[in-house]
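Subject: Structure handover and notes

Hello,

Here is the structure I said I would pass on. Please open it first, then read the notes below alongside it.

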Amino acid sequence: MFERFTRDARDVVKGALAQAEADGAQSVDAEHVLLALLEREGSRASFVLAALGLAERREPVRRALAEARRRAGLTRADADALAGLGIDVSQIVARVEEAHGIGAMSGDRRDRSGRRPGFGRSARHVLEKSLRLALARHDRRIGDEHLLLALTVLPGVPAEVLADHGVTYASVTRVLYGEGEAKAG
């Protein structure tokens, strides 16, 4: 599948791996793909993110992803559903962190083996979905814009964080493929 990736998409995958290594994560997750996309410049996805105003809001996105990691990767919708059952996620996080330290629920245990992190389920789903999205558009190659589109449609923290900042599947496709507006070239 990677032979179909453009140079920009390959660079995002490498960047996601670097993000996971820097975090000391045991696996590359969808959040790492999003963080790698935020670092890009001069690509179709970076054009879209800039057009939608996300380029200037990188830090709030990073903070939102870090906060979700502290909640063991639960989305706000998940936390709200649990609250409806009488389970206060923020209280659980506070108690666990009080006993075990900040970030104890994040699952980011430092991998001291020296091995590179593998791709976790959520990152693999992003890669697979990007392929499907490219094929659906009859694109011969998978670009970083397809990775961004995949992040907007797959359920989870990255889609929630992106939507909170106005980056949705509809807004990304509008910028990419236009409707009488500027298109990513």
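In this predicted model, Ala30, Glu31 and Val33 of α2 are in contact with Ser122, Ala123 and Val126 of α7. Sorted by class, the residues in this contact are 4 nonpolar, 1 polar and 1 charged. Helix α2 covers residues 30-39 and helix α7 covers residues 121-136; their axes come within 7 Å and cross at roughly 60°. That angle makes α2 oblique to α7. Two numbers are given here because two packed helices are described by the angle between their axes and the distance between the axes.

Helix α2 also packs against α4, at an angle of about 170° and with the axes 11 Å apart. The two helices are therefore roughly antiparallel to each other, since an angle over 145 degrees counts as such. On the α2 side, the contact is made by Glu31, Leu34, Leu35, Leu38 and Glu39, and on the α4 side by Arg58, Val61, Arg62 and Leu65. By class, this contact has 5 nonpolar, no polar and 4 charged residues.

Next, the salt bridges. How many salt bridges does the count come to? The count comes to 6. As background, side chains of opposite charge can pair when their charged atoms come close.

Start with Glu145, which sits in helix α8 (residues 144-153). Glu145 forms a salt bridge with Arg44, and the closest N and O atoms are 3.1 Å apart. Arg44 belongs to helix α3 (residues 44-51) and Glu145 to helix α8, so the pair ties together parts that are 101 residues apart in sequence. Is Glu145 buried or exposed? Glu145 has a relative accessibility of 8% and so counts as buried, because the cut-off for buried is under 20%. Arg44, with a relative accessible area of 23%, is partly exposed. Leaving out residues up to four places away in sequence, Glu145 touches Arg44, Ala45, Leu176 and Tyr177.

A second salt bridge joins the side chains of Arg116 and Glu21, at 3.0 Å from N to O. This pair also links distant parts of the chain: Arg116 is in the loop between α6 (89-100) and β2 (118-119), Glu21 is in helix α1 (residues 7-23), and the two are 95 residues apart. Arg116 is exposed, with a relative accessible area of 57%, whereas Glu21 counts as partly exposed at 35% relative accessibility.

Glu59 pairs with Arg62, with the closest N and O atoms 3.0 Å apart. Both residues are in helix α4 (residues 58-70), 3 residues apart, which is about one turn of the helix. An α-helix has 3.6 residues a turn, so residues three or four places apart point the same way. Glu59 counts as partly exposed at 45% relative accessibility, and Arg62 is partly exposed with a relative accessible area of 22%. Elsewhere, salt bridges that share partners join Asp8, Asp11 and Arg40 into one network.

Now look at helix α9, residues 157-164. Of its 8 residues, 6 are buried, so α9 is largely enclosed by the rest of the structure. Which residues of α9 are buried? They are Val157, Pro158, Ala159, Glu160, Val161 and Leu162. These buried residues pack against α2, α4, α5 (76-84) and α8. After α9 comes Gly166, which has a positive phi, near 80°.

Thr168 is in the loop between α9 and α10 (169-177). Thr168 is partly exposed, with a relative accessible area of 31%. Apart from its neighbours within four places in sequence, Thr168 is in contact with Thr152 and Ala163. Thr168 and Leu151 are 17 residues apart along the chain, and their C-alpha atoms are separated by 9.0 Å.

Last, the confidence values. The mean pLDDT of the protein is 86, and 85% of its residues reach 70 or more. Which element has the lowest mean pLDDT, and which the highest? The lowest is α6, at 70, and the highest is α8, at 98. Where pLDDT is low, the predicted coordinates should not be read in detail.

Regards

Methods
Residues are numbered from 1 along each chain as its sequence is written. Side-chain values use heavy atoms; hydrogens and water are left out. Axes are lines fitted to C-alpha atoms, for helices over the stretch in contact, and angles run from 0 to 180 degrees between N-to-C directions. Helices (H or I, at least four residues) and strands (E, at least two) are DSSP runs, numbered from the N terminus. Angles under 35 degrees count as roughly parallel, over 145 as roughly antiparallel, 65 to 115 as roughly perpendicular and the rest as oblique. Contact means heavy atoms within 4.5 Å. Ala, Val, Leu, Ile, Met, Phe, Trp, Tyr, Cys and Pro count as nonpolar, Asp, Glu, Lys and Arg as charged, and the others, Gly among them, as polar. A salt bridge is a side-chain nitrogen of Lys or Arg within 4 Å of a carboxyl oxygen of Asp or Glu. Buried means under 20% relative accessible area, exposed over 50%, partly exposed in between (1.4 Å probe, protein chains only). pLDDT is the predictor's confidence in each residue, from 0 to 100.
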